[in-house]
Amino acid sequence: MKTIIAEKPSVAREIARIVGATKPEEGYMHGNGYYVTWAFGHLVQPALPEGYGIKGFRRDNLPVIPEAFTLVPRQVRTEKGYKADSGVMKQIRVITKLFNDSERIIVATDAGREGELIFRYLYHYIDCTVPFDRLWISSLTDKAIREGLANLEDGNRYDNLYFAAKSRSEADWLVGINGTQALTVAAGRGTYSVGRVQTPTLAMVCSRFWENKRFVPEDVFQVHFSAQGTETDSVVKFSSVKKWNVKPEAAEAYNLLKSCTEATVLSVERKETVQEPPLLYDLTTLQKEANAKHGFTAEQTLAIAQKLYESKLITYPRTGSRYIPEDVFAGIPVLLKGLKNHPKWEVHAARMKELSRRSVNGAKVTDHHALLPTGVKPLLFAKEETTLYDMIVGRMLEAFMPPCIKDVTAVKAGCGGIEFSTKGSVVKQAGWRSVYREEKEETVIPTWNEGDTLLVRGCSLTEGKTKPKPFHTEATLLAAMETAGKEIEDETMRQAMKDCGIGTPATRAAIIETLLRREYIVRSKKILVPTEKGLALYSIVKGMDIANVEMTGEWEATLAKIERGELPAEVFMRDIETYTRKITTELLACDKIFGHKDSGCSCPKCGAGRMQFYGKVVRCDNAACGLSLFRQIAGKTLSDTDMTALITNGRTELLNGFKSKQGKPFSAVVAFDGEFNTVFEFPDEKRKSGRPGRKRK
């Protein structure tokens with residue numbers, strides 16, 4: 001018998017059908033010489049510190065660096081601490097029995113770093129010695145599964161992938177466990193969670209937040225005039241090359257311009273520009289564009305893409321490559337032919353003759369090639385799934401279409417001693433841009449030449465203000481994670497930076513969700529805003545290595561080297577252990593930041609503890625309660641007097657100086673709700689409508 005192990009039951013059922021293992025049992029299926037079983041994600045994980053005899057958060061225990069990591073079944077939290085998940089234990093027993101009853105194992109977990117780790121951790125925990133082969137496929141179509149089973153590879157070929165995955169797991173354990181315990185010990189109360197990727201990501205959100213908030217806008221003035229074309233009725237608008245920050249200077253230029261009736265063409269530059277088609281999607285690019293265009297969260301996009309993959313409609317979604325190899329390119333005409341009767345895409349597919357090869361480069365394909373539809377006809381499914389599927393099909397069409405070619409004309413003119421410019425473009429070949437018809441209205445520039453005289457038809461003075469960089473959205477944060485915080489517009493350069501990004505395409509959505517779940521950031525419509533808790537943590541760690549984005553990016557590049565067999569995992573882990581000791585020392589030294597004094601007030605929640613005043617928070621000293629009240633609320637820091645009133649009376653006086661998310665000032669009372677969350681009350685509103693206070697988010 002052979003045992004095939006998949007990552008989840010739904011995938012196992014598809015494979016079981018192909019191999020003829022159709023007889024169901026509890027935890028597996030069998031038939032035709034095969035057992036087919038499954039995991040539920042990670043069944044086995046590194047033990048928590050308690051597994052090494054270390055209980056509680058104590059300064060003397062830090063840093064916790066095990067000589068060798070111990071694997072345990074996945075744990076669940078109970079009132080008495082962590083214990084093994086009973087459902088997981090049951091499935092492990094099933095898998096152990098099947099492995100021991102097999103002559104060979106076929107690994108069919110997801111073909112990537114985490115999928116490999118799911119199997120290897122389980123294999124080592126069971127202490128299994130049965131040889132195993134690897135099923136490595138990029139889609140779940142029947143054809144792909146059959147071809148994969150016919151071309152199994154020796155499992156040892158993927159050892160480097162496992163070493164990289166194991167190193168990532170253990171590095172995250174060391175940094176997360178020690179960093180969290182060290183900062184929590186320094187604080188004295190509460191829990192401050194930090195992590196190898198999580199904290200640099202939070203730092204990017206908070207840094208952008210403060211950059212935006214502290215930005216001082218400046219006035220910007222510009223003058224313009226309109227000119228009549230000599231051979232056409234069109235009117236072209238020119239804008240001054242210079243912009244003024246002082247209105248009187250701009251007004252002087254405007255008054256001078258008003259007295260002019262003619263302008264002289266100083267130069268005319270005409271050139272043809274070629275816009276190459278975009279590369280195919282990888283997961284991160286799909287997540288960025290789905291967020292920007294449709295408001296999907298990164299996690300939502302990944303979940304939908306995974307569902308489309310399991311429905312056999314798209315190739316493996318957790319890919320970090322935007323390229324395909326030659327053999328996949330050979331199948332693109334068949335995929336295009338399959339769109340022949342599609343009402344939305346057939347007109348584009350029909351006109352595609354010679355295909356662009358920009359996305360074809362086998363050397364740039366990592367574990368999996370770029371995202372593509374499989375050619376399986378979709379049935380009816382939800383609107384969000386249709387939207388994402390259409391994005392992937394549309395991008396395939398764009399990627400293999402000809403470039404977009406434009407004639408661009410740039411003209412400079414002089415008027416009243418001031419230099420002006422204008423630019424226009426005409427599309428010669430729409431190419432890939434015809435798919436979504438993204439072209440803006442063309443601006444046709446008359447056939448002017450240097451030295452021509454233009455008639456001034458009117459002039460104007462405009463006033464504006466410089467703007468700060470906007471808050472991060474999930475799209476911009478994913479882009480920043482991809483390039484370790486470096487803002488890179490050029491697509492080729494972005495691709496070159498990928499190995500230096502933080503996180504991986506498969507984990508970035510989970511990192512953002514972790515920050516949201518731990519209440520370090522919140523979603524406000526499309527933007528990501530740090531909470532007072534997140535800003536408080538950032539203020540402590542912002543100058544430390546734990547928040548260093550570039551260092552974390554360098555580690556991701558090192559993990560990629562381990563995966564390629566270019567570096568031993570032991571070298572990376574030695575660096576991580578050294579780093580762990582350094583950040584533990586740095587974070588334990590933060591106890592001075594958390595200096596506190598007794599408020600003289602009992603805890604309003606438990607009654608047993610005393611409320612302690614810290615710099616940014618007021619906290620109950622009863623460890624079983626730990627009520628925490630952040631001083632900074634909606635841009636205002638509450639004083640000791642304000643906090644004392646809140647603790648003793650359940651509400652403050654009417655306070656001024658709060659700011660809404662739109663930056664508008666307001667006054668309110670801060671009060672407790674029934675669960676001791678702080679809420680705003682607006683006395684005038686309450687008298688008028690009887691409405692309760694609004695919870696502060």
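These legends accompany several close-up views of the structure above. The model is predicted, so local features need pLDDT of at least 70 and side-chain atom pairs count only at pLDDT 80 or more, while totals for chains, interfaces and linings use all residues. Residues are numbered from 1 along each chain as its sequence is written, and side-chain values use heavy atoms, with hydrogens and water left out.

**View A. Glu-116 sits in helix α3, residues 113-126.** Helices (H or I, at least four residues) and strands (E, at least two) are DSSP runs numbered from the N terminus. Glu-116 counts as buried because its relative accessibility is 0% (buried means under 20% relative accessible area, exposed over 50%, partly exposed in between; 1.4 Å probe, protein chains only). Beyond its neighbours within four places in sequence, Glu-116 is in contact (heavy atoms within 4.5 Å) with Thr-109, Asp-110, Arg-134, Tyr-158, Leu-161 and Tyr-162.

**View B. Here is the largest nonpolar core, with 65 residues.** Such a core is a set of buried Ala, Val, Leu, Ile, Met, Phe, Trp, Tyr and Cys residues joined through side-chain atoms within 4.5 Å. Leu-183, Leu-537, Val-541, Ile-546 and Phe-572 have the most contacts inside it. Elements that each supply at least two residues include α6 (198-213), β19 (527-530) and α19 (569-588). Helix α5 gives the most, 11 residues.

**View C. Leu-98 belongs to helix α2, residues 86-100.** With a relative accessible area of 1%, Leu-98 is buried. Its C-alpha atom is separated by 9.9 Å from that of Tyr-34, 64 residues apart along the chain. Leaving aside neighbours within four places in sequence, Leu-98 meets Thr-3, Tyr-28, Tyr-35 and Thr-37 in contact.
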